[in-house]
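Work through the exercises below with the sequence and the model at hand. Each task is followed by a solution in steps.

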Amino acid sequence: MSVKKDKVAVSRFHVLDFLRGLAIVQMVIFHAAFDLTIFKFLHINFQDDPFWYPFPRVIVFNFLICVGMSLRLVHLEKINWSLVRSRFALLGSIALGITIVTYFAFPKNYIFFGTIHAIALCSLFGVFFLRFPKSSGIVGALMLALNIYFQPTIIPISKWLGVVSMDYIPFIPWFGATLVGIYLHSIGVHKLALTQNRLTRFIQKMGKKSLIIYVLHQPVLFSLSYLLNKVFH
């Protein structure tokens, strides 16, 4: 199966595109609220609020579930290592760029391992679990469950660095969500029927362009919030 056919095959499953698009819509909402809070248009306590604290974690879970399902869909017949390498290089480059930009813009809160970093690493390591979907599901669920008792994370790299990162998605336990996604693909969740209407089709289109939107939306939102601050404050 060629790389081109693999890419087409992934886009045919409406549920997968919808879930990815839903995560993007949710992330745009979250970052808009976050930016408006930075400039004091909103007053949200993201660490204690019963909605805003779990909300970004739900978003990351959605993204990484989709990573697991997509990996198994693309590489089910045979792992295409050329595609794996090129995808990791692309995501790794974007992740490095985010780290560099945020390090100079926000030295005390820079992103050293955020959502894109996690997606890159989970995409790389996930391929080694594709042939073991049931075991992946069990291990992934255990990773996520154990983290409940070891907050904020089993490996507190953020504390070691002394950085309160704006976006910290540690590989453990979040790789567990990718493993669960591998299992969900094996039981056919990506094939579930999805009602087609204007809203679902719009979200699916967002899902197909998720990486581009992810990279561009925060600079745009932050710039708009900055301009609003200059005008009204």
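**Exercise 1.** Find the contacts of T102, leaving out residues up to four places away in sequence, and decide whether T102 is buried or exposed.

*Solution.* The model is a predicted one.
- Step 1: locate the residue. T102 is part of helix 4.
- Step 2: list its partners. Beyond four places in sequence, T102 touches P107, Y110, I111 and M166.
- Step 3: classify it. The relative accessibility of T102 is 10%, so T102 counts as buried; the cut-off for buried is under 20%.

**Exercise 2.** Classify L96 and A89 by relative accessible area, and state which surface patch L96 belongs to.

*Solution.* 
- Step 1: apply the cut-offs. Exposed means over 50%, so L96, at 52% relative accessibility, counts as exposed. A89 has a relative accessible area of 42% and is therefore partly exposed.
- Step 2: look for the patch. L96 forms a nonpolar surface patch with I100, Y103 and F104. Together these residues have about 460 Å² of accessible area.

**Exercise 3.** Check whether the length of helix 3 agrees with its number of residues, and state how many of them are buried.

*Solution.* 
- Step 1: count the cover. Of the 22 residues, 18 are buried, and helix 3 is thus mostly covered.

**Exercise 4.** Describe the largest nonpolar core: how many residues does it have, and which elements give two or more residues to it?

*Solution.* 
- Step 1: the core has 41 residues, and W52, I59, F63 and L64 have the most contacts inside it.
- Step 2: two or more residues come from each of helix 2 (14–38), helix 3 (54–75), helix 4 (81–105), helix 5 (115–126), helix 8 (171–186) and helix 10 (210–232).
- Step 3: helix 3 provides the largest share of this core, seven residues.
- Step 4: take L64 as an example. Leaving out residues up to four places away in sequence, L64 touches A118, I119, C122, W174, A177 and T178.
- Step 5: another core, of seven residues, lies apart from the largest one; I65, C66, M69 and V189 are among its members.

**Exercise 5.** How many salt bridges does the structure hold, and which residues form a salt bridge?

*Solution.* 
- Step 1: the structure holds one salt bridge.
- Step 2: D17 pairs with R20, and their closest N and O atoms are 3.1 Å apart.
- Step 3: both D17 and R20 lie in helix 2, three residues apart, which is about one turn of the helix.
- Step 4: D17 counts as buried because its relative accessibility is 1%. R20 is buried too, with a relative accessible area of 14%.

Notes: Residues are numbered from 1 along each chain as its sequence is written. This is a predicted model: local features need pLDDT of at least 70, side-chain atom pairs count only at pLDDT 80 or more; totals for chains, interfaces and linings use all residues. Side-chain values use heavy atoms; hydrogens and water are left out. A nonpolar core is a set of buried Ala, Val, Leu, Ile, Met, Phe, Trp, Tyr and Cys residues joined through side-chain atoms within 4.5 Å. Buried means under 20% relative accessible area, exposed over 50%, partly exposed in between (1.4 Å probe, protein chains only). Helices (H or I, at least four residues) and strands (E, at least two) are DSSP runs, numbered from the N terminus. Contact means heavy atoms within 4.5 Å. Patches are made of residues with over 30% relative accessible area and no salt bridge: like charges are joined within 9 Å, nonpolar side chains (Val, Leu, Ile, Met, Phe, Trp, Tyr) within 5 Å. Accessible areas come from the Shrake-Rupley method with a 1.4 Å probe; for residues, only the protein chains shown count as cover. A salt bridge is a side-chain nitrogen of Lys or Arg within 4 Å of a carboxyl oxygen of Asp or Glu. The expected span of a helix is 1.5 Å times one less than its number of residues.
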